[in-house]
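Open the model in your viewer and colour it by chain.

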Amino acid sequence: MTTPVSTSAHTSPTKQVLRQALNHRGVMFGAFVVLAIIFIAIFAPMLAPHDPYEQILSRKLIPPVWFDSPKTTWDHILGTDHLGRDYLSRLIYGARISLMIGFSAMLISGVIGTTLGVCAGYFGGRIDNVINFVITTRLSMPVVLVALAVVSLMGSSLTVVIWVLGLLIWDRFAVVMRSATQQVRGLDFVASAEALGSTTPRILFVEVLPNILNHFIVIATLEMAHAILLEAALSFLGLGVQPPDPSWGLMISEAKGLMFFDGWLIAIPGTALFLLILAINLLGDGIRDVTAPENRN
Amino acid sequence: MKHLQLALAGALVASLAVPAFAGKSDDTLNWATDKEIAVIDPYFSVTRELVIMGQMGWDGLVLFNSETGEFDPLLAKSWTWDGNMAVEFKLREDVVFHDGSTFDADDVVYTVNFLLNEENGVPAASIYNWMKSAEKIDDYTVRIELNDPSPLAFSYLSNEISIMPAGHYDNAPTGADGSKDYSSVAPVGTGPYMVADSQTGKSILWKRNDAYFEGGPKGTPEIGNIRYRTISESNTQLAELLTGGLDWIWDVPKEQALRMEESGQVSVVNEKTLRISYMAFDVDGDSGQDFFTDKRVRQAVSHAINREAIATELVGPASTVIHSACHPDQFGCTQDVKQYDYDPDKARALLAEAGYPAGFEFDLYGYRQREFTEAVIGDLAAVGIRANLNWMQYGSLLDLTHKGKTPINHMTWGSGSVPDVGAITPHFFSGGADDPAKDPRTAEALARGDTSVDSAVRKEAYAEALGIIAEEAYWLPMFTYAKYYAFSKDLNFTPTSDEIPRFFEATWN
Amino acid sequence: MADPVLSIRNLTVGLPVKLDRKNAVTGISFDVRPREILCVVGESGSGKSITSLATMGLLSPGLKVTSGSIDFDGRDVLKLSNKERNAMRGDQMAMIFQEPMTALNPAYTVGAQIEEVFRIHRTLSAADRRAEVMRLLEEVRLPEPKRLYDAFPHQLSGGQRQRIMIAMALALDPKLLIADEPTTALDVTTQAQILVLLKQLNERHDAGIMFITHDFGVVAEIADRVVVMRHGEIVEQGTAEEVLNNPQHPYTRALIDAVPRPMTEDTTPEANENPVVIDVQGLNKTFTTSTGMFKPARTVTAVNNVSFQVKRGETLGIVGESGSGKTTLVRCLMRLIEPDNGAINISGVDFAAKSRSELRSHRKDIQIVFQDPYGSLNPRRTIGSQLIQGAINFGIPRKEAWDRVYKLLDIVRMPHDSVNRFPSQFSGGQRQRLCIARALVVQPKVLIADEAVSALDVSIQREVLHLLNDIRDRLGLTVIFITHDLRVAAQICNEVLVMQYGSVVERGGVSQIFNAPSHDYTKALLSAQPGQNWDMPVFDEGDTLAKI
Amino acid sequence: MGECHLTFLKQNGLDTVIAFFIKRLVTALLVVLTVSAMTFSMTFLTGDPAIAVAGENATQADIVRIREYYGYDRPIPVQFMSWLGRAAQGDFGQSLYLNQPVSIEIFARLKTTMTLGLSALIFALVLAIPLGVVAAIRPNSLLDRFALTVAVVGQAMPSFWFALTMMLWFGINWRILPVSGTDTWAHFVMPSIALGYFITPGVMRLTRAGMLEVLRSDYIRTARAKGASGFSILFKHALRNAIIPVVSLAAVQFGFMLGGSIVIETIFAVNGLGFLAWESIQRADLPMMQAIVLVLSVFYIMLTFLADVLNAWLDPRIRIS
């Protein structure tokens with residue numbers, strides 16, 4: 001159906017996408033949760049009832065208030081951890097670390113992957129061959145194993161974890177951006193820009209990048225979730241972020257020993273992590289839905 | 001339709017139902033640790049598991065009796081010292097190896113000579129290099145000569161020196177690099193159990209040696225089979241123990257142990273060990289963070305940490321706070337040294353005096369039981385010192401400490417289960433790579449203690465060294481480790497402080 | 001006259017909400033009789049395909065028949081159950097689609113796909129089925145039926161695939177055959193063959209044929225009766241004779257009027273004394289393709305030793321079927337693709353010899369308008385920023401550049417406020433105008449139109465062609481016009497190059513090419529034009545589409 | 001299949017196929033070489049491997065002895081070249097910890113990991129493909145939403161958490177499945193589900209997207225116009241084409257699973273390659289780590305090759321030019 005559908009004048013594609021996004025349940029839910037968690041992360045010092053590092057060993061493992069236990073107290077709504085630190089405060093501060101890991105690792109991998117993918121897709125030929133080889137090499141290395149090995153050998157700290165993840169998970173960016181760029185490169189407006197004398201960087205930044213941005217955003221959300229999950233897996237094996245910094249992955253890993261007895265210890269950060277990943281993924285899926293070409297006029 | 005579904009579900013459950021492959025019912029004791037065991041040879045595997053299984057499969061000349069604190073005769077019937085430098089053993093005559101050959105003096109001589117031959121590359125040299133030679137006097141008499149007077153000689157003979165049949169390693173296969181691969185020789189010993197089956201990374205099955213000699217200190221084995229399993233994840237060990245897949249685990253974290261005890265499904269015991277926890281300071285300032293060159297800062301840290309709380313809340317009731325650089329149960333380990341009580345105010349005052357009223361930030365290194373180190377960091381934070389945790393593999397961390405790159409390392413030492421200060425303090429304070437201070441006074445005092453067999457002389461020398469270490473606060477000795485053991489109610493088992501569970505003594509209830 | 005096999009009465013198909021029209025098809029009625037070819041004609045969006053799909057019961061889920069009836073063979077197909085409909089489809093009524101490239105399942109051999117019709121509707125032994133398929137393959141004039149039986153669709157040409165589709169449709173001798181633009185995606189020579197085949201089959205079978213098309217030439221070629229549709233309604237229906245030669249409705253007239261006329265009169269262009277702007281000598285381009293993993297790399301000569309000159313103010317038409325190399329030729333000309341060798345002299349600059357960075361400053365001399373109005377504008381940028389880009393690239397001050405843009409918008413007859421909008425807000429014809437404006441903003445000497453009107457409806461096509469002519473004359477441009485349609489070329493060009501397999505086979509003035517073609521290929525192209533025997537009526541100026 | 005390959009050879013000519021294989025082989029070798037260089041240098045990020053080998057409580061003298069014995073005192077390039085030379089002959093050296101040839105150990109563990117990987121893959125495909133198909137038939141229906149939920153939840157749940165929760169319910173509370181080990185097929189049920197569930201979302205989404213695309217395609221309309229039944233359209237026409245990319249994905253995911261089973265193998269005490277890798281990392285068993293990474297990357301390359309061949313077999317457009 002090529003019936004031209006009139007849309008109100010002066011709406012940019014971005015605005016149209018935004019309007020569709022506002023009507024998309026997945027996007028709205030995802031955005032709401034992600035924004036809420038970002039809000040919590042930013043205002044952690046104001047929101048947290050206690051110092052997340054303050055330990056009182058004699059008050060350890062107090063259950064959350066809804067448990068029927070003489071130890072519960074409204075002073076520690078979500079209870080305390082194995083060192084007597086306030087669980088709610090750690091959860092709130094943990095949002096910072098988890099988001100930072102996800103975001104930084106995504107940013108690093110995004111820059112690497114996009115650069116490689118766009119160059120390969122735009123220039124083609126030998127450059128494409130070389131970059132393809134680099135991508136194949138990267139794909140052939142098992143991520144978890146290599147991440148574990150490097151973190152284990154270099155010693156795990158927040159910086160090491162972020163860099164290792166960032167340097168490892170750029171493959172999807174590269175693959176997707178490469179094919180998206182190839183697609184855009186074949187469109188006539190790129191040829192026409194070339195014919196109009198635009199320089200290559202100009203074509204890349206003005207003609208190509210804006211048109212593959214939606215792919216970038218979708219992959220970015222996926223990889224952010226991926227990075228957070230990988231950190232959780234590293235933490236599970238004891239090689240993620242180091243205490244006392246409270247990442248959610250670390251909280252899960254510290255709680256796992258008691259998961260058969262005090263399920264809430266792992267359920268609380270686990271749920272937080274699950275919600276965050278779920279929200280990011282829904283957001284990514286939604287963005288993919290509303291920016292998919294068939295949904296655009 | 002519904003009935004069919006139910007029937008199907010029932011059939012499924014029935015077909016999946018776990019066979020009782022463990023425990024009393026089939027006379028198999030299953031125990032597990034997180035280690036993979038590929039080499040079943042006490043000399044070519046440096047794991048704790050092989051010390052334990054070494055006691056199952058092999059016998060030494062003597063055996064340490066943790067109740068009396070003395071050494072009981074095992075393969076030796078008796079012995080006599082010839083001065084400080086030689087000892088003569090009379091051997092039992094009723095012992096046979098698992099392969100049926102008879103045990104005699106040749107086997108002891110072969111074993112010792114094999115260890116002493118450097119070409120054989122037996123890794124843990126410290127367990128045997130105190131010996132100079134072994135000599136057969138007659139079929140059942142052996143004389144061992146020492147290099148130096150060695151107070152630890154019998155400890156090694158008890159825990160580490162397992163007697164192999166003569167010629168045991170002669171037919172070892174040749175590896176790819178042309179060297180002999182001694183580690184793959186099939187295990188043969190005289191011990192109460194022998195290997196029936198092994199799968200690397202999975203399990204080792206031992207079965208009772210029915211020909212085991214009577215009347216030895218190891219008694220007569222009762223349980224038919226003992227299977228070792230590798231289960232790396234502690235939750236999984238726990239799950240297996242609760243479901244009967246395992247009969248015995250250890251190193252259970254305190255909280256889990258308490259919950260299991262509450263559940264009443266398994267027996268839980270907290271037993272002290274010879275392992276201690278300590279923090280070593282970068283006294284020389286080699287790490288580039290020179291806060292700890294100042295004695296007052298070291299003392300401030302010592303006052304800042306609530307060791308009592310860590311020991312009781314996190315480690316377990318059998319753990320005690322220690323003040324000197326050794327385990328209180330070890331010979332010569334006096335606690336009568338300068339003590340640093342938990343006193344945050346004093347710590348702050350000392351810090352201010354040293355020029356750090358606002359505290360400082362430094363790198364702390366650790367490798368074992370992260371929550372203990374985490375608690376230390378929490379205590380330090382309370383007096384204004386921010387510690388960044390660097391969590392490492394033991395090997396990597398040790399390398400760093402040898403290079404002096406760690407401002408503080410929080411580590412542990414198990415003394416190889418040797419109940420003598422000689423197995424710990426001299427290792428760390430005789431000027432070697434592990435010595436944080438390289439103080440000649442400690443080195444001198446320790447050397448005196450190490451080379452004497454006179455108890456009084458040794459005690460005095462060690463006390464002097466320990467006094468200096470505490471006074472200068474080169475180390476902060478933290479606490480003794482206590483291990484939680486959890487085992488099936490069917491199992492009759494008694495833990496010992498040397499961290500060598502005696503499965504051969506275990507029985508079913 | 002026989003009773004109709006298909007009788008559509010008051011059919012209305014509703015559109016899903018949110019679109020600008022309530023119904024895709026509104027209250028239409030017509031009949032198809034046995035042995036007759038009924039052509040349903042209309043531009044895109046007229047509802048002609050939806051009518052055919054509704055008849056087959058293949059409407060996409062968003063579309064619903066809201067009223068009316070479709071009586072086929074005495075039963076209202078709208079009231080049939082799924083099972084009954086399945087039994088009917090492929091057996092009593094069959095359909096051929098527009099895109100032969102995608103209408104066959106790539107995973108099965110064509111033989112198996114034809115056989116499936118027998119499997120579904122008949123109980124025949126394997127040998128019988130095979131024999132039937134062989135018979136059909138022969139009937140649709142496919143060479144070597146035995147070999148073709150085991151061929152996969154991608155191994156066949158478009159024309160061959162369409163014959164397979166026809167064979168499949170005719171397999172069980174249906175009463176009704178619906179052909180939805182079956183020749184639109186084909187080259188003109190192939191189209192002619194398929195039309196001949198359909199006519200022959202029509203004589204041998206009893207089926208009534210409902211033939212959907214947008215091309216009055218095709219209508220003239222095969223129709224017995226014609227239905228003209230517009231915006232989902234029938235504006236006119238009657239015999240081919242009546243509708244083609246004496247259309248009553250203004251829309252029909254306008255449509256017929258917009259059909260490019262074949263060149264009849266001899267209009268030898270006056271000798272052009274202008275200087276040569278483009279001089280191409282011995283241009284070559286070969287591609288090495290390695291498309292699949294197991295496929296050997298193939299070398300294709302896309303441009304084979306092409307030389308030509310164009311003088312200022314002239315329009316050169318380059319005509320050829322798909323794969324003739326015409327698009328590669330112009331892209332080489334602009335160095336959007338690197339030619340292998342040859343000289344390209346554009347107003348004194350050798351484009352082929354310059355490095356890419358040296359070339360940049362000369363790029364403004366030669367500009368291009370592409371075929372696809374949807375791909376040639378960046379959907380993420382406003383029209384204004386895209387129009388001004390070229391001028392900015394060549395250092396024109398912003399103010400002057402904007403002046404140029406507004407002036408050009410006037411020339412291409414687009415409102416000035418277009419600059420603030422995005423491409424998605426324009427129709428295909430509007431976009432092509434904007435693309436022309438964008439190309440002109442750098443004041444080129446040469447404008448290339450690469451199938452620039454092929455994707456447009458015939459009425460819009462005509463407007464854009466007029467615009468191009470107008471601009472050429474006003475600005476003194478040199479135009480190279482690429483097209484597959486000789487009739488379109490005739491309307492705008494002074495001279496025509498005919499290309500086949502990468503080579504120029506004939507060159508000459510328009511009237512010479514049309515009236516006295518010398519090369520066999522040109523002759524074949526000309527004779528394949530549909531509707532040649534139709535003497536198109538001429539109407540007054542009053543009936544242009546713009547007024548309706 | 002045999003027949004297919006015959007046609008395939010006939011139509012393409014043996015030369016082309018051989019040329020293709022050689023090209024792939026060269027790429028594969030280059031990749032393996034690069035990977036091995038990277039893993040080799042990576043393992044020297046740490047300090048002294050000799051200390052790791054000596055274990056806890058070893059004395060300085062022990063460490064020096066070990067360093068000389070294993071040749072860690074040689075320059076790194078020398079060590080790499082000698083390692084590479086031996087690796088080419090299938091000799092990855094001795095494990096520092098297990099005291100036996102690395103290749104033998106890896107080979108032994110590979111079997112377990114392959115069993116786990118295959119059963120996980122089968123679980124994932126059996127769950128994901130029908131869900132994807134059903135979701136595509138009725139987009140936005142309840143079933144589609146359910147399938148989407150399975151996918152989204154699967155992507156958001158840390159695999160270790162899922163594994164431990166399963167262990168809690170099926171192992172401890174209901175006692176219908178053994179908790180850990182590899183003795184019977186029942187032991188593989190939980191690890192396979194835990195590992196397979198992880199790749200279910202991807203397979204399901206791809207199946208759904210592929211089916212949606214194919215169902216919209218012209219040839220499905222052709223099939224409907226022929227009067228083909230819904231069942232035949234779905235399975236004979238649509239799934240046959242939609243499954244092609246799924247096969248590639250499955251092969252590649254299988255490769256990822258072999259390398260990604262570390263957590264699952266650790267939890268369920270499956271003594272496979274992943275567990276061996278993790279243990280080797282913990283004890284800095286360099287030769288073992290290097291060899292495992294190398295073996296896994298070779299596997300990955302072989303699997304992508306297999307995926308290509310499978311694709312060619314399934315898709316005549318690739319197979320026959």
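Select strand E4 (residues 64-72) of chain C and E5(C): two bridges join them, and they run antiparallel. Strands here are DSSP runs of at least two residues, helices (H or I) of at least four, numbered from the N terminus. Two strands count as paired if DSSP finds at least two bridges between them. Show Asp71(C), whose bridge partner in E5(C) is Asp76(C).

This is a predicted model, in which local features need pLDDT of at least 70 and side-chain atom pairs pLDDT 80 or more, while totals for chains, interfaces and linings use all residues. Residues are numbered from 1 along each chain as written, chains are lettered from A in the order written, and side-chain values use heavy atoms, without hydrogens and water.

Now widen the selection to the open antiparallel sheet of four strands, ordered E2-E1-E4-E5 in chain C. Its edge strands are E2 (23-32) and E5 (75-76) of chain C.

Next, go to the interface of chains B and A. Here 25 residues of chain B are in contact with 29 of chain A (heavy atoms within 4.5 Å). Select H10(B), which gives seven residues, the largest share of the side of chain B that touches chain A.

Where do Arg259(B) and Asp262(A) meet? Their side chains form a salt bridge at 2.4 Å, N to O; the term needs a side-chain nitrogen of Lys or Arg within 4 Å of a carboxyl oxygen of Asp or Glu. Between chain B and chain A the count is five salt bridges.
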